[in-house]
Amino acid sequence: MQDKIRKILKDHGRLAVDANSLAETTDLYQSGMTSHASVNVMLALEGEFDVEFPDHMLKRSVFESIASITSAINQIKN
Amino acid sequence: MLLTIIKRLISRLGVMPAIGNDLVFVPDVASSHHQFGERYLKFIFTDNEILDCMHKDGSYSYTSLAARIAAKESVMKLLKPARDQLLPWQSIEVRRDPTGAADLILHREAKAMAEKQSIISLSLSLAHEHQYASALVLATQI
């Protein structure tokens, strides 16, 4: 799953660093992701993993790292 | 210097200003819309904003959409939501008043946050040039 997330971050996150070099807990916003880019990341994640982020998950903490995104997707799928 | 004078004047009146600004690359907005379609628009914009930015032929003014994103991001910077706090894009709305000037209307979460921070008014200025759109928001807090 994390490889797919990294690919999405690379394509949509508009990060200032290579998504493949990020640690799981690196703060994506500190790495250059804007709020607008995070919307693109969220929409791409929904398409890739066939999920829909519920309203209560649409906050900064859910999209702030690869680890938090992974946790959120697993939570939705389960 | 001028800003200092304004701040002193406002301080004497018992109110404090706060400023948020943002710059958006217009092609990014067009690209997002092309990739994600209506889902993208409906996630970020209210129905009024979508209509406001639509040409008569049904196409969109990406410059206008980008300016609205800049305005919303400016307000987000002002309100500084905590990492676990919800602040939906649609709770911040740009509307045109009868004279055509852009104005901000806050709903639900954004309105509650602004009230909690004692923000009594918001002023908005939008600008765009070629491929960039920007917004400046001035908030008055008591």
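Asp50(A) counts as exposed, because 9 C-beta neighbours lie inside 10 Å. The structure is a predicted model, and this residue belongs to the loop between helix 2 and helix 3 (66-77) of chain A. The backbone of Asp50(A) has a phi near 50°, a positive value in a residue other than glycine. Most residues other than glycine have a negative phi.

**Confidence in chain A**

The mean pLDDT of chain A is 93, and 100% of its residues reach 70 or more.

| Residue | C-beta neighbours within 10 Å | Class |
|---|---|---|
| Asp50(A) | 9 | exposed |
| Thr63(B) | 20 | buried |
| Ser91(B) | 21 | buried |

Arg108(B) is part of helix 5 (residues 108-116) of chain B. Although Arg108(B) is not a glycine, its phi is positive, at about 35°. Arg108(B) is also among the residues touched by Ser91(B); the others are Leu106(B), His107(B), Glu109(B) and Ala110(B), when residues up to four places away in sequence are not counted. Ser91(B) itself is placed in the loop between helix 4 and strand 2 of chain B. Its C-alpha atom is separated by 5.6 Å from that of Ala110(B), although the two residues are 19 residues apart along the chain.

**The hairpin of chain B**

Strand 2 (residues 92-96) and strand 3 (residues 102-106) of chain B run antiparallel and are joined by five bridges. Within this pairing, Arg96(B) stands opposite Ala102(B) of strand 3 of chain B. Five residues lie between the strands of this hairpin, and Gly100(B) takes a positive phi near 100° there.

**The three-stranded sheet**

In which order do the strands of the open sheet of chain B lie? The order is 1-5-4, and the pairing is antiparallel. Strand 1 (16-25) and strand 4 (119-129) of chain B stand at the edges; each has a single partner strand, so one side of each is left without a neighbour in the sheet. From one strand to the next, the twist averages 15°.

Strand 4 of chain B pairs with strand 5 (residues 132-141) of chain B over ten bridges, in the antiparallel sense. Leu124(B) stands opposite Val137(B) of strand 5 of chain B. Helix 4 of chain B lies across strand 1, strand 4 and strand 5 of chain B, and runs at about 35° to strand 5 of chain B.

**Helix packing in chain B**

Two packed helices are described by the angle between their axes and the distance between the axes. For helix 2 (residues 26-44) and helix 4 (residues 62-79) of chain B, the angle is about 75° and the axes are 10 Å apart. Because angles from 65 to 115 degrees count as roughly perpendicular, helix 2 and helix 4 of chain B are assigned to that class. By class, their contact has eight nonpolar, one polar and no charged residues. On the side of helix 2 of chain B these are Val26(B), Val29(B), Ala30(B) and Ile44(B), which meet Tyr62(B), Thr63(B), Leu65(B), Ala66(B) and Ile69(B) of helix 4 of chain B.

Thr63(B), located in helix 4 of chain B, illustrates this region. Leaving aside neighbours within four places in sequence, Thr63(B) is in contact with Val26(B), His128(B) and Ala133(B). Thr63(B) and Pro27(B) are 36 residues apart in sequence, while their C-alpha atoms are 8.6 Å apart in space.

**The contact between the chains**

How many residues does each chain give to the contact? Chain B gives 15 residues and chain A gives ten residues. On the side of chain B that touches chain A, helix 2 and helix 4 of chain B each supply at least two residues. The largest share of that side, six residues, comes from helix 2 of chain B. The residues on the side of chain B divide into nine nonpolar, two polar and four charged.

Note on methods: Residues are numbered from 1 along each chain as its sequence is written. Chains are lettered from A and ligands numbered from 1 in the order in which they are written. This is a predicted model: local features need pLDDT of at least 70, side-chain atom pairs count only at pLDDT 80 or more; totals for chains, interfaces and linings use all residues. pLDDT is the predictor's confidence in each residue, from 0 to 100. Two strands pair if DSSP finds at least two bridges between them. Helices (H or I, at least four residues) and strands (E, at least two) are DSSP runs, numbered from the N terminus. Axes are lines fitted to C-alpha atoms, for helices over the stretch in contact, and angles run from 0 to 180 degrees between N-to-C directions. Angles under 35 degrees count as roughly parallel, over 145 as roughly antiparallel, 65 to 115 as roughly perpendicular and the rest as oblique. Two residues are in contact if their C-beta atoms, placed from the backbone, lie within 7 Å. Ala, Val, Leu, Ile, Met, Phe, Trp, Tyr, Cys and Pro count as nonpolar, Asp, Glu, Lys and Arg as charged, and the others, Gly among them, as polar. A residue is buried if 20 or more other C-beta atoms lie within 10 Å of its own, exposed if 12 or fewer, and partly exposed in between; C-beta atoms are placed from the backbone.
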